[in-house]
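Reader: I have a model open and would like to go through it with you. Could we begin with the metal site?

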Amino acid sequence: MGDLVVGDWFGKAIVDTGVTMLTEPFVHDFVRANIWHLKGRDADLLVDTGMGICPLAPEIVMSAGKPLIVVATHIHLDHVGSLHEFPLRMGPKMSAAQFDAMDDAVTYAHMFHNLDAAVSKLPAPDWRAADYRIPPAPLARALEEGDVVDLGDRKFRVLHLPGHSPDSIALFDEADGLFFAGDAIYDGMLIDDLPDSNRTAYCRTMQRLLDLPIRIGLGGHGASFDDARMREIASAYLRRRERFMSAP
Ligand SMILES: [Zn+2]
């Protein structure tokens with residue numbers, strides 16, 4: 001295991017006009033989530049904040065004189081780890097009170113403690129997964145279905161899309177079709193068996209997504225997808241659940 005140079009923890013790629021994707025290539029793929037940074041006219045937007053193993057804020061190029069709005073799509077460890085680093089933080093109304101404490105039982109941070117090969121490179125010589133903690137990050141604003149996150153030149157509608165977690169929200173630019181999906185949907189293995197997952201709710205979310213007119217979907221994990229691919233992923237999930245329900 002080679003030593004890591006500070007600053008090398010995050011991978012970065014430009015994905016859509018004005019959108020940068022940050023990832024954490026050295027964390028276990030189970031918790032390797034996408035972080036999205038988008039420049040707006042009056043404000044910039046960060047969607048999710050990774051594990052918080054290394055500071056995220058120094059990696060984000062701020063626009064002079066513009067606020068950075070930071071939205072957590074749900075309160076799972078791989079999305080809220082660095083949330084406390086950003087003052088203008090927003091998250092789901094449903095779990096808003098829990099951002100004050102960031103209990104392991106809610107974020108599932110404890111799952112990371114016992115993960116084999118939690119990281120493939122050590123962020124610091126004496127780093128240990130067992131010491132991993134997520135600092136509290138009380139929300140400046142709680143978001144629910146129908147709310148708008150306004151960047152000046154574009155507005156994102158908040159969608160409440162439960163199933164993976166009860167509090168999962170997503171951001172949809174109705175004018176442009178850009179969709180930040182969080183863990184509601186992404187191109188990869190969807191997780192619906194956590195203690196707070198709900199498969200019935202997830203099926204309703206997938207039904208809703210079948211009709212959402214997106215141009216590009218940027219999910220909490222995996223590669224970006226278009227509307228056809230999103231419908232495929234949603235349909236495949238619904239078929240799988242149907243087969244399971246009708247199994248003898
Ligand atoms: Zn999650």
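This is a predicted model: local features need pLDDT of at least 70, side-chain atom pairs count only at pLDDT 80 or more; totals for chains, interfaces and linings use all residues.

Reader: Which protein atoms are the donors of the zinc ion?

Author: The donors are His 74 through NE2, His 76 through ND1, His 164 through NE2 and Asp 183 through OD. They lie 2.1 to 2.5 Å from the zinc ion.

Reader: What are the angles at the site of the zinc ion?

Author: Among the 4 donor atoms the angles run from 86 to 175 degrees, and the site is irregular.

Reader: And how are the donor residues spaced in sequence?

Author: The spacing is H-x1-H-x87-H-x18-D.

Reader: Let me stay with His 76. Where is it found?

Author: His 76 sits in the loop between β5 (68-71) and α1 (77-80). His 76 counts as buried because its relative accessibility is 3%, and the cut-off for buried is under 20%.

Reader: What does the side chain of His 76 make a polar contact with?

Author: With the side chain of His 164, at 3.1 Å. Leaving out residues up to four places away in sequence, His 76 touches Val 106, Thr 107, Tyr 108, His 164, Ser 165, Leu 194 and Asp 196.

Reader: Thr 107 is in that list. Is Thr 107 buried or exposed?

Author: Thr 107 is buried, as its relative accessible area is 0%. Thr 107 belongs to helix α2, residues 104-107. With residues up to four places away in sequence not counted, Thr 107 touches Ile 75, His 76, Leu 77, Val 80, Met 102 and Ile 134.

Reader: Changing topic: how many residues does helix α5 have, and what does it span?

Author: Helix α5 (residues 227-246) has 20 residues. From first C-alpha to last, α5 reaches 28 Å, close to the 28 Å expected at 1.5 Å a residue.

Reader: Which residues of α5 are buried?

Author: They are Met 230, Ile 233, Ala 234, Tyr 237, Leu 238 and Arg 241. Viewed down the axis of α5, these buried residues fall within an arc of 125 degrees, so they line one face of the helix.

Reader: Why would residues three or four places apart point the same way?

Author: Because an α-helix has 3.6 residues a turn.

Reader: What covers the buried residues of α5, and which residues are exposed on the other side?

Author: The cover includes β11 (178-182) and α4 (199-210). On the other side of α5, Glu 242, Arg 243 and Ser 246 are exposed.

Reader: What caps the N-terminal end of α5?

Author: Asp 226 does, with a side-chain oxygen 3.3 Å from the backbone nitrogen of Ala 228.

Reader: Now Gly 163, please. Where does it lie?

Author: Gly 163 is in the loop between β9 (155-160) and β10 (169-172), and it is buried at a relative accessible area of 2%. Gly 163 and Arg 199 are 36 residues apart in sequence, with their C-alpha atoms 5.8 Å apart in space. Setting aside neighbours within four places in sequence, Gly 163 is in contact with Ser 197, Asn 198, Ala 201 and Tyr 202.

Reader: One last topic, backbone angles. What is phi of Asp 48, and of Ala 117?

Author: Asp 48 has a positive phi of about 70 degrees although it is not a glycine. Phi of Ala 117, also a residue other than glycine, is positive and near 50 degrees.

Reader: Are these two residues buried or exposed?

Author: Asp 48, in the loop between β4 (44-47) and β5, counts as buried at 1% relative accessibility. Ala 117, in the loop between α3 (109-113) and β7 (141-143), counts as exposed at 61%.

Definitions and conventions. Residues are numbered from 1 along each chain as its sequence is written. Side-chain values use heavy atoms; hydrogens and water are left out. Helices (H or I, at least four residues) and strands (E, at least two) are DSSP runs, numbered from the N terminus. Buried means under 20% relative accessible area, exposed over 50%, partly exposed in between (1.4 Å probe, protein chains only). Contact means heavy atoms within 4.5 Å. Donors are N, O and S atoms within 2.8 Å of the metal (3.2 Å for Na, K and Ca); water is not among the atoms, so sites may look incomplete. Four donors count as tetrahedral if all angles lie between 85 and 135 degrees; four count as square planar and six as octahedral if opposite donors are over 155 degrees apart and all others between 65 and 115; anything else is irregular. The expected span of a helix is 1.5 Å times one less than its number of residues. The arc is that of the directions from the helix axis to the C-beta atoms. A polar contact is a pair of N or O atoms within 3.5 Å; within protein, one must be able to donate a hydrogen and the other to accept it, and residues adjacent in sequence count only if both atoms are side-chain atoms.
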